[in-house]
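This report walks through one structure, part by part. Please look over the sequence and the model first.

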Amino acid sequence: MARFFAVTIFVIAILSAIPIVRHTWWMAPDISTHGGPIDEQMVDTMWEAGISFLASQILLAWFIWRFSGDRPGEKTKNFPGGAKTVVWAAFLLVGTEVLALGVFGVKAWANVYFTPPAANAMPVQVQAGQFAFYFRYPGPDGTFGALHPEMISESNENFFGLDTANDADAKDDIVTAEMAIPVNREIHLLMHSKDVGHSFFVPELRVQQDFVPGLDLSVHFTATKIGRYEIVCTQLCGLGHYNMKAYLSVMSQQDYDGWLKKQAALQ
Amino acid sequence: MATTVPEPPRMEEQRDPSRRASNGNGGWRNVVPADGNLRALKDYSPPPASTGIWVVLASITMSFLAFTSALVVRQGSAADWRHLSLPWVLYLNTAVLVASSVTLELARREVRAFMGGLRTQTARPTRWLYITLFLGLFFVAGQYVAWLQLRAQGLYLATNPNSSFFYVLTAVHALHVTGGLGGLVRVIHRLNKSILKKSSLDATSTYWHFMGGLWIYLLLLLWIKL
Amino acid sequence: MNENISREVRAMHDMSGHAAAVHHAPTSFIRKHVFSLDHKVIGKQYYGLALAAVIIGMVLSWLMRIHLAWTNAAIPGLHLMSTSGAPGDVMTPEFYLQLMTMHATIMVFFVLTTAPFAAFGNYFLPIQVGAEDMPFPHFNMMSFWVTFVGFLVLMASFFVSEGPTLGGWTQYAPLSALGSAGGPGEGMGVVLWAASIAIFCVGQLLGSLNFITTTLDMRTRGMSLWRLPLSAWSWFITSCMGLTAFAVLMPACILLILDHVAGTSFFVPSNVVINDQLQPHSGGSTLLWQHLFWFFGHPEVYIAIVPGMGIVSHVLITNMRKPMLSHRVLVYSMGALAVLSYMVYGHHMFLSGMNPVSSLVFSFPTLVITIPSTMVVLIWLGSLYGAKIRINTASLFALGFISMFISGGVSGFFLAQPSIDIMLHATYFVVGHFHMVMGVAAMFGIFAGTYFWFPKMYGRMMNETLGKAHFWLSFVGTYAIFMPFHYLGLAGNVRRYQAFVVEYMQPLIPVHRFITIAALFTGAAQLIFLYNLIYSRFKGEPAKDNPWQATSLEWSTPTTPPPHNNFGDKLPVVYHDPYQYGVQGSAGDYIMQTSPEKVTTPDEA
């Protein structure tokens, strides 16, 4: 039975590795400018994790195969070099790995979070609430109107609580249920939660960030490929969490301008 | 087991007479000699209550650290911190609690002497223990008065974050002090029945003094932060 | 008069000598089996609680998996579980989340913390150190009953009108703190959840008190700390973690309850609008809950796995007939895991909105904690070299633990890095990671311990054929279930979704169906274990005192099961390190800790 077990471990290890190697299920292609280092980290980590995984499972299987059973006449013996070899191996192997992943990983993270948005980044605000995303564009005046939570009314479609009657900045704000952005243009996404915790995730864009009620956060990114993508909520927010999504359309500048005009007319 | 096993070495009672007896040579300061000469070992295992009390105090410390960090974070998360003046009765309660620690030490001295058989008095030294108990009850009652004073100012549990933390911190502390009162009752009861262990008395006292120290810390925290 | 006093005084002096709270063998049924002070009974009670909990937890997971695979299907009888959660036996979205929350809460608290630590630890720690019982048996008894009450309070949430809370076992604020406005089950459900967990914390703190004082103060003559078996070390280290972790969760739960019932705003910020209504809270900090929770939460997952490491090491050594390559390195590594576990908690919060610098700060210790974990695995592997591995159900599960821990552990490399977490946070990748490295691995540790120690606890062997069948189906089955979770996560499959209506997730639904079928099969296989447990209890082959030819103190008790005070009239004397295997012993290739024989290796003989 020991040999059968060894073979089983080996087979399971190989079978597990196959879908990874063949990218059977994999991340969607990257459409962002900052995603390159993230994807590189992923691949590097996959190599290191994959080799560690296969090596240790194969070692386990090999030792079970070789050292099972009583083997009368043979004495038990110790691993050559003893514990010291093992301890050094752990420190060196894992230590280098830790350093590599940690140090290189900082770059990918810094790319996203330690670089400020460009001065000409286009601001868009997204509000997350149970259970929908709404988006707001500042309109021709370039400023967002103030938010008045007490004025929020779903039935009147005043999702953000804007005082369009008295607030000049709010009058020209454009509120939409879909997000559209021009391609190759940096977007500064301002994130606001109406109620509980939510999260904004677009896998192709390599962006994921929680909304924190009471804290206004932002991320910035540039999309490089025209297309239609899904924004999904990834922070459990209640019974409609699974259905909380919106579409992100990346368009040419021309198409985007047309779209924005149409949306403005619908306000 | 095989029959050729040699007879185990005879253990001599190698105990330090001033230390209490124990049923083993555990204790984490113990070292077992490589030559297996167990005769050379001294008996160092502490009574479990002495270790146990520090375990208890460690976890209580962690709880109050959690409350403290909650207070600090909450203060920084919004601009709704409203200064509240501490009810004057708190200072009286502090004095009472400190006094109770003093009386507890007096009690311990007398009990130790009694247990050492040096005194010839016929009465058990529970007097100072009862006084400590009374002072402790006075403290808890005094905390209740503090809450009443706060209520009189219109400050309830949910009025503002300052009042919330005031009530929560003082209530949780008072709850633990009540536990300490239970410990004191147990000590008095056992002393009366002559089954009190020294380690029990020591542990209960350590707990009580810790409650006093914790209160001083909380008072400072409330005074500085609220 | 004086004579009387001095006799009294002398009595008190002598009384202070007995470290053990010596309690006499009980006679009534209630004292023997219900309110027992005996650590062995308490251990078995904990095991029974964990068994009941795992059955419930597993059934909940089946319901979840069926719903995920066939979302609109009617599950016969489901309407009996909830008045509003399953109209026409079809699970509503909220009911899915409620079942999910209860599944996780039950498993993490009442199975993974209870069985390897409270159940086996209570039973075997005092015996392995050579004590009659734990020093505070009344607290010990209380710790079980308090835990049991906590379990009842949690189960009660199934019976309130809106049902249990749906916020996940992590109960993030403000959803958890808002009350009914947040959704079904967010009112009374949350209060019951928080109360249950707070009660659970009290029970565990009482348990930790006993474990620590037993290990430090109750060791018998000759039992130095380095002569403790690895299982005893793991229970000791775990109880130190529990002491500090549960002490932080309890205040968090208290503050959460206050936000619910007292109108405070610890966790709910201002300007929260639900159903067009401004909520009556202001100024609270959402992230505060996450910090408090995860400061507990990360050590908790090590609390769940470290006893498993100790049990598996202990079982493996006996079945390898040689000690570990380095006993001390294993102990130091488990200790390092415990210490580091407090420094890494922010890796659950990389994208939470906390300062991105903090994310990097937490990422480093998270990567560094790989070192002691790897050390443990490499010591195990290195020890297998040159061994004479005996294959039985216990050793199979122990070896299976190693495989599972490796598989679950390597996915940690990904999740430890904030930049990669951008793609994997809140996906099935995380779910696969923790199920393998903590859920399945710990379960295998529990199984290894059960098959290994059952003979000592009940005087009968468990059936090996059934045991091996149980092992094979579980080993292959759990891989079939949880390995695909990682692929789903890489493809962006978000977690805590009751159905997959998002377009890009549609192609993944067939994978979910495969997983569900694997889960149902593997679940059914557990019935073999249940049957084996019950059958062997009454009809199992009678066991000798030391069926595994093992060396530690539990195998030297005068009777099997051990007598009330564990060792009879005389406490044992310990002469050796815990794992004298591969030596020239009078009884075989081993020398028991209590045997006064001198250790000679076959070379010297």
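A:Arg206 sits in the loop between strand S6 (198-202) and strand S7 of chain A. Helices (H or I, at least four residues) and strands (E, at least two) are DSSP runs, numbered from the N terminus. A:Arg206 has a positive phi of about 60°, although it is not a glycine. The residue is buried, with 26 other C-beta atoms within 10 Å. Buried stands for 20 or more other C-beta atoms within 10 Å of a residue's own, exposed for 12 or fewer, and partly exposed for anything in between, with C-beta atoms placed from the backbone.

The model is predicted: local features need pLDDT of at least 70, side-chain atom pairs count only at pLDDT 80 or more, and totals for chains, interfaces and linings use all residues. Residues are numbered from 1 along each chain as its sequence is written, while chains are lettered from A and ligands numbered from 1 in the order in which they are written.

## Domains of chain A

Chain A is divided into domain 1 (2-69 + 79-113) and domain 2 (122-266). These bounds come from an automatic or database domain assignment. The centres of the two domains, taken over C-alpha atoms, are 39 Å apart.

Ten residues of domain 1 and nine residues of domain 2 make the contact. Contact requires C-beta atoms, placed from the backbone, within 7 Å. On the domain 1 side there are five nonpolar, four polar and one charged residues. Here Ala, Val, Leu, Ile, Met, Phe, Trp, Tyr, Cys and Pro count as nonpolar, Asp, Glu, Lys and Arg as charged, and the others, Gly among them, as polar.

## Where chain A meets chain C

How many residues of chain A are in contact with chain C? There are 89, and they touch 88 residues of chain C. The elements of chain A that give two or more residues to this side are helix H1 (2-21), helix H2 (35-67), helix H3 (82-113), strand S7 (207-211) and strand S9 (227-232). H3(A) gives the most, with 17 residues. By class, the chain A side divides into 48 nonpolar, 28 polar and 13 charged residues.

## Chain B and its helix pair

Chain B has five helices and zero strands. Along the sequence, its pattern reads α-α-α-α-α. Of its 226 residues, 36% are buried. Among contacts in chain B with a separation of 6 or more, 75% link residues 24 or more positions apart.

Take helix H4 (residues 161-192) and helix H5 (residues 198-225) of chain B. Their axes come within 10 Å and cross at roughly 160°. Axes are lines fitted to C-alpha atoms, for helices over the stretch in contact, and angles run from 0 to 180 degrees between N-to-C directions. H4(B) and H5(B) are therefore roughly antiparallel. Angles over 145 degrees get that label, those under 35 count as roughly parallel, 65 to 115 as roughly perpendicular and the rest as oblique. The crossing is left-handed. That term applies if the near helix is turned anticlockwise from the far one by less than a right angle, and right-handed applies if clockwise. The contact residues of this pair divide into 13 nonpolar, six polar and one charged.

## A helix pair in chain C

Helix H8 (residues 230-261) and helix H10 (residues 327-340) of chain C have axes that come within 10 Å and cross at roughly 15°. That makes H8(C) roughly parallel to H10(C). Their crossing is right-handed. C:Leu230, C:Trp233, C:Ser234, C:Ile237, C:Cys240 and C:Met241 in H8(C) meet C:Leu330, C:Val331, C:Met334, C:Gly335 and C:Ala338 in H10(C). Nine of these residues are nonpolar, two are polar and none is charged.

## Loops of chain C

C:Pro135 lies in the loop between helix H5 (114-129) and helix H6 (137-156) of chain C. C:Pro135 is buried, with 25 other C-beta atoms within 10 Å. C:Ser556 lies in the loop between helix H17 (509-539) and strand S3 (580-581) of chain C. Apart from neighbours within four places in sequence, C:Ser556 is in contact with C:Pro572, C:Met592 and C:Thr594.

A cis peptide bond, with omega about -5°, joins C:Thr560 and C:Pro561. C:Pro561 is in the loop between H17 and S3 of chain C.

How values were computed: Two residues are in contact if their C-beta atoms, placed from the backbone, lie within 7 Å.
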